[in-house]
Structures are given as C-alpha cells and as structure tokens.
Amino acid sequence: MSGTRRRVTIVGAAATSVIAGVALLPNWSAGAAVSDDPTVDARTKATFQRLADAVFTDRTNALVDGGRDDADKPLTDGFSGDVALSSGTARTEDATRSALGQRKEKLAEAGETYRDASTTVTLNATRVTGRTAKAEVTETTTLTYARTRGNAPKTTGFQARHELTFTADRRGDWRLTGIRDADQGGLAVNTLSKPAPVKPAAAADTMPNAPRAATTRNPAAAPKTGTTYDYKAMAAYAEKHWNAYNKDYPDFSGRGAGGDCTNFVSQSLKAGGWKHVPGYVYDYTRWFGNADIQSHSFIGVNEWSWFAQNSKRTTPLANVYQMEVGDVLQMDFDKDGSKDHTMIVSFKSGGVPYLTYHSTNTLRRSVASIVASYPNAYYYAYRT
C-alpha cells in the first residue's frame, strides 16, 4: 500500500491462483497487430510456458547441492526455432546461475543446503502488441533441506509472479528478451532481483527508531516469558494464508509501490490477540484493519514499527536468531533508515527461526537463508 504520510510502504506478494492447461489460457488481444505480424497459437503459448519453466528450474537447480552447475547444459539450451532465449538473455541467465551458485556456497557456510527442488510455472495471462508479446506467469518452487534435525521443517517453498517479454524476429520466431519480477519485494531464494523501493526524500526523524539486530549465530538465549498473546495462533494463521489470501481483508499485492507483507503480518498478529486501537488512519499511534478500512500502521512497514514501539506491544531483540514464534523481522535493503519489508516467525527449530511472509509468498524460509542472500541489509527484530 503506497501513499503513506512520510514513507512508502514496501511489501509484496505473488499471485493467489494458478491457471493450468493450455485450454484455459486467455486469448491473445488484438493489440496493435497488423497483417504481417506473427501469429501465436495454442502451441506457441504452451512453448512460452515451457520455456519459462525451464528458466526458473535452471535457477533453482543452481541452488541444489549436487544439482546442475555451470558445467551442465541448462534446460533452456533445449529451445530453438519458433521460441527460444535471445542471445542477450542467454548471457544474463548464465550470469544469474553463476551468482546463485555463489549464493549456494554462502548458504552452505551458514549451515543450509538443499538436496532436491521442484519448480513449476503456469501461464496466467498473455497479451501482444505488434511483434512484442507479454506473458505473465506464476512460479511455484519447493526446496528440500539436505539435513534437518528433530522437528525442523523438511522443505521451504514460495510462489512468485514474473512477466516475460518475447520479441518476434524477422522470421517471426519469438525470442525471450526480458524477465521482470512482478512482486514488489522480490524476496525469493532463486532470484537476484534487489527490491527498489521508491522513497520520498523527507525523513521521519521524530518517529521512534528501532535498534538494529545483529545476524551472528548462537547469541545469548532470549526465551519468551509473556503469555499475553497466542503465538501458536499467529503462526497457524500465517502458515494457513501464506499463499491463500484471507478474503476478509484487502489484497495489496501488485499495487504500484505497495504490496501485502505488513498487511499479512498484522493479520497474523491480530489472529493471536492484538487488539484494534481505533482512530485516524494516518495516526501511527492507532492500529486497526478489516475488509473496509486499515490504518497505515496496519499495512505500512515503517508505520507498523512506529506503532509497535510506541504502544509497547513489542521490544527490540539484539539478534535475529533470538526470535521465537510470533516475533517479527523487518529489513532495510538499502540501509537508508527506512524499512522495506516485514515478516513473521512461524516456526523455530535448532535455534533457527523460520519466516513466513508475503512479497514473495513464502513459507518457512530460514533466517540463515535470508541473511546469506542479503548480507548487506539492516535487520530489525521485534519480540511480540
């Protein structure tokens, strides 16, 4: 949700439904097509989908221990003729897979490896204007942890939306020339996209500032002692609605500079006992949200932080690994003092918190994975 008083809300989410099967795909719009423009039939649409699947499967495989590496032939090399990668996109994907291989090494250093993965891509919508085609797809990926202890999660997964641009060459063959992440956050484990929040120059210096949290392993324990809230209910809500949005609330995903991550966390906190504080929507000392109206503190990243601190509903944690179920983690990607993303801990095992969030819709991603993927971000951990 954008349009906050001083800072833009940076949140995000992926599509909430997937349309599978060529027969159910939408028709191409006429657009600005002319008589000599290439035609796109059901077979071509299906090939668009298969190529997208290959692109994101190749990326995911680059993270799997013992999976395809740079020396192996990527799946995208199997496409030629009517639909294939452009030479520029092929080079970009080579570099992306190489960078993801380096991320795999960093994850291994943090104690996290994946032994298997599954990626599928479905085509949600297509449109064409002249010799340019746009394909909107949803990627669904599950990664299986190589080693788990006790009751630790066996898998982590996410859904992400992407827009692919295909351009027809002189022969009428389609070449994939561009890939854009359609989720504001872009916080998926197999993407290198860096969130680019648009923030106004004005700073809210008078607002309460949360202290940054360290990211080192094995900090001093900080067990939860309060019983004011139902933390199991918070986690249950988050894991129920991570990719099935609650229709009792608005869905802010895909709305310009806004999205759904803080809205989602606020819903989870409300499910665990946080009570409304009615009032003016712009007043960060108020907090409320339902299907009809939401305070900016309910849906805004920074506004939520201001409310949480001012209301004393949260206390800061010194280290991200001290978080327990129901605690909240925020990130400032570009370290400018304005927070960009909000997540909630829905599981903890072996001293590792696992985050569930929207932007991109993600279930049980370890804090180790997030820190390894974004080592230069600022982190803010809140005990709820």
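Reader: What makes Asp 82 and Arg 43 a salt bridge?

Author: In this predicted model, the closest N and O atoms of Asp 82 and Arg 43 are 3.1 Å apart. The cut-off is within 4 Å, between a side-chain nitrogen of Lys or Arg and a carboxyl oxygen of Asp or Glu. The pair therefore counts as a salt bridge.

Reader: Which parts does this pair tie together?

Author: Asp 82 lies in the loop between α1 (42-61) and β1 (83-85), while Arg 43 is in helix α1. So the pair joins parts that are 39 residues apart in sequence.

Reader: Why is Arg 43 called exposed, and Asp 82 partly exposed?

Author: Arg 43 has a relative accessible area of 54%. Exposed means over 50%, so Arg 43 qualifies. Asp 82 has 40%. Partly exposed runs between the buried limit of 20% and the exposed limit of 50%, so Asp 82 belongs there.

Reader: How do you know that Asp 283 and Arg 286 form a salt bridge?

Author: Their closest N and O atoms are 3.8 Å apart. The limit is 4 Å, so the pair passes. Asp 283, at 27% relative accessibility, is partly exposed. Arg 286, at 28%, is partly exposed too.

Reader: How many salt bridges does this rule give?

Author: The count comes to 14. Some are linked: Arg 127, Glu 136, Glu 163 and Arg 180 form a network.

Reader: What makes the phi of Ser 359 worth a remark?

Author: Most residues other than glycine have a negative phi. Ser 359 is not a glycine, yet its phi is positive, about 85°. Ser 359 sits in the loop between β9 and β10.

Reader: Is Ser 359 buried or exposed?

Author: Its relative accessible area is 0%. Buried means under 20%, so Ser 359 is buried.

Reader: What is the peptide bond from Ser 359 to Thr 360?

Author: That bond is cis, with omega near -10°. Most peptide bonds are trans. Thr 360 is in the loop between β9 and β10 (361-366).

Reader: Where does Asn 218 lie, and why is it called exposed?

Author: Asn 218 is in the loop between β5 (174-181) and α3 (231-241). Its relative accessibility is 72%. The mark is over 50%, so Asn 218 counts as exposed. Asn 218 also has a positive phi, about 55°, although it is not a glycine.

Reader: Which residues touch the most other members of the largest nonpolar core?

Author: They are Met 323, Leu 329, Met 331, Leu 355, Val 367 and Tyr 379, in a core of 39 residues. Helix α7 gives the largest share, five residues.

Key
Residues numbered from 1 in each chain as written. Predicted model: local features only at pLDDT ≥ 70, side-chain atom pairs only at ≥ 80, totals over all residues. Heavy atoms only, no water. Core = buried A, V, L, I, M, F, W, Y, C linked by side-chain atoms within 4.5 Å. Buried < 20%, exposed > 50% of the residue type's maximum accessible area, 1.4 Å probe, protein only. Helix = DSSP H or I, 4+ residues; strand = E, 2+ residues; numbered from the N terminus.
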